[in-house]
Amino acid sequence: MTRGNPCQLPGMLPNYDPNDSEAGMKILEDLTENVEQIQQRVLEEIITRNARTDYLKGFLDGQFDKQVFKKTVPVVNYEDIKPYIERIANGDSSNIISAEPIIELLTSSGTSGGQPKMMPSTAEDLHRKTFFYNLLVPVMTKYVDGLDEGKAMYLLFVKPETKTPSGLMARPVLTSYYKSNNFKNRPFNRFNVYTSPDETILCSDSKQSMYCQLLCGLVQRQEVLRVGAVFASAFLRAIKFLEHNWKELCSNTRTGHVSDWITDPGCRKVVSLVLNKPKPELADLIEHECNSNSWEGIIKKLWPRTKYIEVIVTGSMAQYVSTLEYYSGGIPLVSTMYASSECYFGINFKPLSKPWDVSYTLIPNMAYFEFLPVKKKNEDGAQYVQCNGVCKENCMEKETEKEDVETVELVDVKLGQYYELVVTTFTGLYRYRVGDILMVTGFHNKAPQFRFVHRRNVVLSIDTDKTSEEDLLKAVTKAKVIVESLGILLIEYTSYADASSIPGHYVLFWELTSKGNNHLPVLDPKIMEQCCSTVEESLDSVYRRCRRKDNSIGPLEIRVVQHGTFDALMDFCVSQGSSVNQYKTPRCIKSGEAINILDSRVVARFFSQKAPFWEPV
Ligand code: AMP
């Protein structure tokens, strides 16, 4: 690759050997040095290709100019483009939005009218994703030696797919990728050798898939150099599964025979090959570790050569950090990338940084990026911009409030500023609001780096208060320190704004467990009331004013729920269309059915006993 001409393949994708980490690094340097030119070319290419689509034609009227594009093409939400997506799903030609044929629709974890949003995808887009995944390797190898001397135990899963009336596949982005030839026929790359045979990843029965992947991971434990899953929650689910199934896994290892309930023929065949023969010594060893009273550091014990755990622990996943640290035995947690069904966005260039310090550098040839400036909440709670009515309840901002807000380009974002990400993709999304709020933390060469702040619309509100996901996480993090000091772990939480009484109040649902023995702990009411107060003290000034001065918010409540409640919540969300792979516990619940699921499992309720401190600023 030559400087100044970083993108040779169609769709602005450079061509190089992914086994060559040095070449990969050089590409990243070029991409991050030439941000402005690349973004300009990406936009030109997207407009030139798609100017004749019904969608763009209506705005551009044959003009290919960036200024015209930005002046005439509106910044949109999913609801604005939904009619086009639905037409394609129902059999209209995909060239109403994309010159490149749309080969499938990717079901996002965001929903619209109770259904998953669907994002267009093209054949070329799979190559873009492959290119992106390949770039993660040189970044990791820069910080961690010897990754080509062993294997990765990545627990990856597919989800059942559906077809639209027109016969297009509709499935989550990861299922689409794992089932693609780009993944299945990937060329050998010594930095990316997995313990899970593809058959176990592609098995549609998630229990068999999980069992087989863990069995293969355990059998090859001495070769494992890194472990992980896409999101922290999925990795923790795997640890839970292991807790429930280690005896059987050991027995299979001991006898060299895979359990009879593994009926998927592909899985049986490959796992038998990996298992190969009876391994009684290995079984004894695993049994010894799993039989221990405490599972603290279990990852390090079972996979002793592990150099890091690759799981996303930013955004709403940040609440899993302490639980992961408990199980990991001090192994670094690495969030490598920031991506979505719409587009793959950014890479963490400092993968060993602490979860709280993680930033992602947006890769400028992935899409054309724009940014809507977001103001931080004021003391009077007047502006937190951009919650524009997509969320139907408790949402303060109005659609009209942001109409005049101009977007900023990738090279023009300012350090320390908050923005909402807007993308124009190669796949038929134009000036589309992703819904993520990001903050600029620095630059890699000329490419800005962003901390993921939160997803728009995940807020609690009773009066004029507006609590973001980030605010809630901070407050819960402070409160959970109190129980942690008593040997109790907060393993999951969510919340809702209970407006059924006047004044309404915030309700937090907490699932707690005793460190070590995994039982529901005995709870001291005074301690739990202190947790309620600490959450309130940690919430923002507007909340505290409403609660203390205006009395427009009642005392905050914590409802402790039985073990397994959040699994039931996940099952419910999955039954409503969420993907198992991409599932993230909603931090704020609005559906009555979901609240009933939680409420029916409440074992204890505690209320804040004192109003939080507040004084006018
Ligand atoms: P989906 O459309 O279901 O693939 O979900 C994509 C969304 O997941 C993004 O828009 C983000 O809100 C969230 N997400 C993805 N990657 C990360 C990350 N590294 N850190 C925090 N949130 C993320």
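**Exercise 1. Find which residues Lys179 touches, and describe its setting.**

Step 1. Leave out residues up to four places away in sequence; Lys179 then touches Val158, Glu161, Arg171, Lys184 and Leu202. Contact means heavy atoms within 4.5 Å.

Step 2. Lys179 is in helix H7 (residues 173-179). Helices (H or I, at least four residues) and strands (E, at least two) are DSSP runs, numbered from the N terminus.

Step 3. Lys179 has 26% relative accessibility, so it counts as partly exposed. The cut-offs are these: buried is under 20% relative accessible area, exposed is over 50%, and partly exposed lies in between (1.4 Å probe, protein chains only).

Step 4. Look further off. Ser500 is 321 residues from Lys179 along the chain, and their C-alpha atoms are separated by 46 Å.

A note on the model: it is predicted, so local features need pLDDT of at least 70 and side-chain atom pairs count only at pLDDT 80 or more, while totals for chains, interfaces and linings use all residues. Residues are numbered from 1 along each chain as its sequence is written, and side-chain values use heavy atoms, with hydrogens and water left out.

**Exercise 2. Work out where the buried residues of H2 lie around its axis.**

Step 1. Check the helix. H2 (residues 35-50) has 16 residues. Its first and last C-alpha are 22 Å apart, close to the expected 22 Å. The expected span is 1.5 Å times one less than the number of residues.

Step 2. List the buried residues of H2: Val35, Ile38, Gln39, Val42, Leu43, Ile46, Ile47 and Asn50.

Step 3. Look down the axis. These residues fall within an arc of 160 degrees, so they line one face of H2. The arc is that of the directions from the helix axis to the C-beta atoms.

Step 4. Name the partners. The buried residues of H2 pack against several elements, including helix H1 (21-33) and strand S12 (368-374).

**Exercise 3. Decide how H16 and H17 are oriented to each other.**

Step 1. Take the geometry. H16 (residues 469-484) and H17 (residues 525-538) pack at about 155 degrees, with axes 8 Å apart. Axes are lines fitted to C-alpha atoms, for helices over the stretch in contact, and angles run from 0 to 180 degrees between N-to-C directions.

Step 2. Classify. H16 and H17 are therefore roughly antiparallel, a class for angles over 145 degrees.

Step 3. Find the contact. Among the residues making it are Ala475 and Ile482 of H16, and Ile527 and Cys531 of H17.

Technical notes
Angles under 35 degrees count as roughly parallel, over 145 as roughly antiparallel, 65 to 115 as roughly perpendicular and the rest as oblique.
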